[in-house]
2 protein chains.
Amino acid sequence: LSHIIVAVDAMGGDGGASVTVPGVLKAIQTNPDLHVMLVGQKEVLSRELAKFENVARLEIVDCDDLVAMDESPAHALRYKKNSSMRVAIDLVEQGKAQACVSSGNTGALMAISRHVLKTLPGISRPALVNPIPGVESITFMLDLGANIDCQPDQLVQFAVMGSVLASAVANVTNPRVGLLNIGSESIKGPEVVRKTAELLSEQTEINYVGYVEGNNLLNNNCDVLVCDGFSGNVALKTCEGVASTMLRLMKQAFNNGIFTKLVGFFVSKILKKLPLSFNPSKYNGATLIGLRGIVIKSHGSADDLAFASAIDVAIVEVKHDVPKTISKRLETMLVENEA
Amino acid sequence: LSHIIVAVDAMGGDGGASVTVPGVLKAIQTNPDLHVMLVGQKEVLSRELAKFENVARLEIVDCDDLVAMDESPAHALRYKKNSSMRVAIDLVEQGKAQACVSSGNTGALMAISRHVLKTLPGISRPALVNPIPGVESITFMLDLGANIDCQPDQLVQFAVMGSVLASAVANVTNPRVGLLNIGSESIKGPEVVRKTAELLSEQTEINYVGYVEGNNLLNNNCDVLVCDGFSGNVALKTCEGVASTMLRLMKQAFNNGIFTKLVGFFVSKILKKLPLSFNPSKYNGATLIGLRGIVIKSHGSADDLAFASAIDVAIVEVKHDVPKTISKRLETMLVENEA
């Protein structure tokens, strides 16, 4: 590829342009092939850009409107056709950009992406997938909240999409696929999960390794963890909540008296050397997977560095043409299943 | 009450009698009113007891059989009528003991308890409830795996049972009841959860405070957290997994070189002063709630101290007659709903 064009919804997220603009500039600096179409209110964006020197490989796409963080997806889909989010996704559909990145309203991003880009052949609904930073490796977990009720065939589609992503983004050969459940024996768990386990075992295209329980989320038991959007979202948020609570408690504990403060100083230096789990912000950038185009959701509260990471994810997915790879994999499975 | 009689399944758990016997003796030591019926193979139990002096307020109930940790609940229910687990539950049914404590196979304990003791009037199925140690308080979470699919009326029953338990065991006045969901707005989440929210809002007997997300599990948002057994089990295990992984990583980090070891020594002293979340083993003892009798499930891997905590939970529930209090509360609600 000569260069990669990413459309960025510059108005989304808790910080809006004050975060997305420096984030974009960081990404442009570290990726020599990257060109960005910065979508949003020209006046606001120009003002932010004026704070920096040597701005290159960047073009503003002016549009008036924006999708609010608490807006209903249906409302955004219907009435926000000139919003920064919608225009950024339209650019992907028109072939003017190869991917879109937004920190905006997740539900609206999902609804608009699905409407504009459509799902890939063989995919019922797109899913939200995030890399979970474990102790020794990352696990791609999906779905994380886009699909509350999932049928077995949908969960099998998640397994395929997650496998392609783990290969493309994390360079894993033959990714191990686990299924989130509440026990390790085959008789455990809901009917839907047990049926999915059967289907996954039959697929030679999927390296299915069995059930994974909540306590093994970070223990490198699988590269892809498949689950419905409800339990997936609960697990992800519980993970984040416990980790941040423990870090906060430790900080408080080490902020009490001169001696413990001294200990705390060394502790923070030692903790910085710790693996992935202690640095979740490095792993910003969830993928709306299953679409005929690449859409990356950055965390609403991401800072500029984390926003740049989300753009990096988009670039990797463009380079590996993730949507096409998923389509091919599904076709192979279809042929195999018919044979 | 003159004294409290607890039947203990002495053969259950990963450590069997080598854990339960010292655990029971610790509980007897700290609870002057406690009498224990120690149920299991007499020879094994006598051998364990011989290691201790001054054994009082304890009686062995001899039985040959035991339920294996990996035995199917149906098999245990049908063929293990002379097992330590079954006999201990029978003693409660016969009025010879006021509560039963077991570290054994959860599924079997649930099936046998339900069959022998029956559920309370107005309760469809028993639930498994555990106190989750948060930062400033504990939250009683239910169900944790006994009921995979739950209907709204069942979740309302969980709310009542959890409220009674929070009042009785943790001494909370007018316990706040939350509902596990994947968003805070009323439109979020599965149909079942939204319907339950409606029902809970209508009950004046329940202090319903709204949806709680996974990231707020430890943040004192509610005293009782209601959920289906699948997402509840996923959340609980994720919680345990992340906490233990982080503690393990820290220990490893502080075990590397003389200087960091020295820092680590002070860190471990400081961490010991930290609140509940860092000491989950202190909160051993899940309740099988909704039965016409008190059954406490100790963690399979509990040590003797943790096993003694589970017996303490049984004693508190006997003192507050938790099953009768639940029945009364349900009756009041029924009268109110009809009015």
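Student: Where is B:Asp143 found?
Tutor: B:Asp143 sits in chain B, in the loop between β6 (138-142) and α6 (152-170). Keep in mind that this is a predicted model.

Student: What kind of peptide bond joins B:Leu142 and B:Asp143?
Tutor: A cis one, with omega about 5°. Most peptide bonds are trans.

Student: And in chain A, what is the bond from A:Leu142 to A:Asp143?
Tutor: That peptide bond is cis too, and omega is near 5°. A:Asp143 lies in the loop between β6 (138-142) and α6 (152-170) of chain A.

Student: What about A:Asn171, is its phi positive or negative?
Tutor: Positive, near 65°, and A:Asn171 is a residue other than glycine. Most residues other than glycine have a negative phi.

Student: Where does A:Asn171 sit?
Tutor: In the loop of chain A between α6 and β7 (176-180).

Student: Which helices cross between the chains, and at what angle?
Tutor: Helix α8 (residues 229-253) of chain A and helix α8 (residues 229-253) of chain B. Their axes come within 9 Å and cross at roughly 35°.

Student: Is the crossing of α8(A) and α8(B) right-handed or left-handed?
Tutor: Right-handed.

Student: Which residues meet there?
Tutor: From α8(A), they include A:Phe230, A:Val234, A:Thr238, A:Val242 and A:Met246. From α8(B), they include B:Phe230, B:Val234, B:Thr238, B:Val242 and B:Met246. By class, this helix contact has 18 nonpolar residues, 4 polar and no charged ones.

Student: How many salt bridges are there between chain A and chain B?
Tutor: The count is 2. The side chains of B:Lys237 and A:Glu213 meet in a salt bridge, at 2.3 Å from N to O. Side chains of opposite charge can pair when their charged atoms come close.

Student: How many over all chains?
Tutor: The structure holds 18 salt bridges. One of them pairs A:Asp304 with A:Lys26, whose closest N and O atoms are 2.9 Å apart.

Student: What does that pair of A:Asp304 and A:Lys26 tie together?
Tutor: A:Asp304 is in helix α10 (residues 304-319) of chain A, and A:Lys26 is in helix α1 (residues 17-30) of chain A. So the pair ties together parts that are 278 residues apart in sequence.

How values were computed. Residues numbered from 1 in each chain as written. Chains lettered and ligands numbered in written order. Predicted model: local features only at pLDDT ≥ 70, side-chain atom pairs only at ≥ 80, totals over all residues. Heavy atoms only, no water. Axes fitted to C-alpha atoms, helices over the stretch in contact; angles between N-to-C directions. Helix = DSSP H or I, 4+ residues; strand = E, 2+ residues; numbered from the N terminus. Left-handed = near helix turned anticlockwise from the far one by under 90°. Contact = heavy atoms within 4.5 Å. Nonpolar A, V, L, I, M, F, W, Y, C, P; charged D, E, K, R; others polar. Salt bridge = Lys/Arg side-chain N within 4 Å of Asp/Glu carboxyl O.
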